[in-house]
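Morning, everyone. Have a look first.

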Amino acid sequence: MSITIKTESEIELMRISCRLLSEVHYELGLYVKPGISTADINDYGEKLIRQKGGIPNFLHYAGYPASICVSVNEEVVHGIPTKDRILKEGDIVSLDAGLIYKGYHSDAARTYGVGEISSEAQQLIDITRESFFAGIKKAYAGNRLHDISAAIDDFVTPYGYGIVEDLCGHGIGTHLHEDPMIPNFRQRRRGPKLKKGMTLAIEPMINMGTEEVEWLDDDWTVVTCDGAYSAHYENTILITDSEPEILTLHEEERKILQGGDICQSQM
Ligand code: MF3
Ligand code: CO
């Protein structure tokens with residue numbers, strides 16, 4: 001398979017799919033609070049996806065049993081929601097969600113603090129998000145794919161965090177996972193040329209301690225080997241001749257990012 005270039009009408013469907021997903025994420029973010037279970041998040045998220053006319057794309061994907069991946073604290077990604085995992089003050093929770101609209105996939109992830117969290121945990125969440133913006137500064141036609149990987153690596157490494165290497169970002173479109181794989185760490189080669197019309201899911205997964213991860217016995221949940229917290233931030237983007245379009249960013253998030261120093265310093 002090669003990297004697909006979307007036509008204008010496909011891009012329009014990607015935009016809609018991604019906008020609907022951004023609304024799901026925004027509403028899930030408001031819903032996160034101490035006392036709810038990870039299954040509550042999944043049930044609410046799946047209801048929102050369907051209400052908006054989408055189909056959950058994670059459900060039954062390679063046998064995954066839920067619509068939203070909910071990963072708490074040392075869980076990196078692909079946590080399986082359950083009724084007995086109750087969020088408590090001080091936890092951090094990563095929500096990874098996607099949907100299909102008229103055959104086109106969207107994919108995005110956010111990490112939220114549950115109630116009051118430590119300043120260390122907040123910094124991990126902030127740096128993970130900012131690393132995405134550092135990466136996509138390089139995401140325009142004419143540059144090369146691994147320029148994004150190197151930019152994420154260069155941004156994160158000074159903080160002493162571990163960048164997960166076992167999982168990557170990916171192309172996205174009529175399939176959830178398309179070519180290319182997009183590592184979040186520096187590569188020896190600059191990789192394929194970026195072209196206008198590519199749609200990519202960029203998703204740094206950053207650990208407070210070691211980069212090493214392992215899989216739990218459920219064969220899905222990825223956890224840090226040292227038990228330290230991990231954060232995840234993902235958007236589906238569109239490559240253009242200039243700045244990429246961040247298709248899964250919600251209007252309210254855009255306002256907050258523009259109000260802070262993130263857009264000025266990172267975009
Ligand atoms: N966003 C995730 C990824 O890109 C999708 C979860 S795959 C699932 O890998 F199977 F867990 F749904
Ligand atoms: Co993804």
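One term before we start: a polar contact here is a pair of N or O atoms within 3.5 Å. Keep in mind that this is a predicted model.

Start with His-170. One of its polar side-chain atoms lies 2.9 Å from an oxygen atom of ligand 1. That is within the 3.5 Å cut-off, so the pair counts as a polar contact. Next, Glu-203. An N or O atom in its side chain is 3.0 Å from an oxygen atom of ligand 1. Then Asp-96.

How much of ligand 1 does the protein bury? Taken alone, ligand 1 exposes 330 Å², and 95% of that is buried by the protein. As for location, ligand 1 sits in the second largest pocket.

Who else is around ligand 1? The residues there include Phe-58, Tyr-61, Tyr-64, Cys-69, His-78, His-177 and Trp-220. By class, the shell has five nonpolar, three polar and four charged residues.

Now the metal. Which residues are the protein donors of the cobalt ion, ligand 2? They are Asp-107 through OD, His-170 through NE2, and Glu-203 and Glu-234 through OE. These donors lie 2.1 to 2.2 Å from the cobalt ion. Along the chain, their spacing reads D-x62-H-x32-E-x30-E.

His-170 is in strand 7, residues 169-171. Glu-234 is in the loop between strand 13 (230-232) and strand 14 (235-238). The two are 64 residues apart, so this pair links distant parts of the chain.

Back to where we began: Asp-107, His-170, Glu-203 and Glu-234 are also among the residues around ligand 1.

Technical notes. Residues are numbered from 1 along each chain as its sequence is written. Chains are lettered from A and ligands numbered from 1 in the order in which they are written. This is a predicted model: local features need pLDDT of at least 70, side-chain atom pairs count only at pLDDT 80 or more; totals for chains, interfaces and linings use all residues. Side-chain values use heavy atoms; hydrogens and water are left out. A residue is near a molecule or strand if one of its heavy atoms lies within 4 Å of it. A polar contact is a pair of N or O atoms within 3.5 Å; within protein, one must be able to donate a hydrogen and the other to accept it, and residues adjacent in sequence count only if both atoms are side-chain atoms. Accessible areas come from the Shrake-Rupley method with a 1.4 Å probe; for residues, only the protein chains shown count as cover. On a 1 Å grid over the protein atoms alone, a cavity is a set of points where a 1.4 Å probe fits but cannot get out, and a pocket is an open set with protein on both sides within 12 Å along at least five of seven lines; lining residues have an atom within 4 Å of a point. A molecule sits in a cavity or pocket if more than half of its atoms lie within 2 Å of its grid points. Ala, Val, Leu, Ile, Met, Phe, Trp, Tyr, Cys and Pro count as nonpolar, Asp, Glu, Lys and Arg as charged, and the others, Gly among them, as polar. Donors are N, O and S atoms within 2.8 Å of the metal (3.2 Å for Na, K and Ca); water is not among the atoms, so sites may look incomplete. Helices (H or I, at least four residues) and strands (E, at least two) are DSSP runs, numbered from the N terminus.
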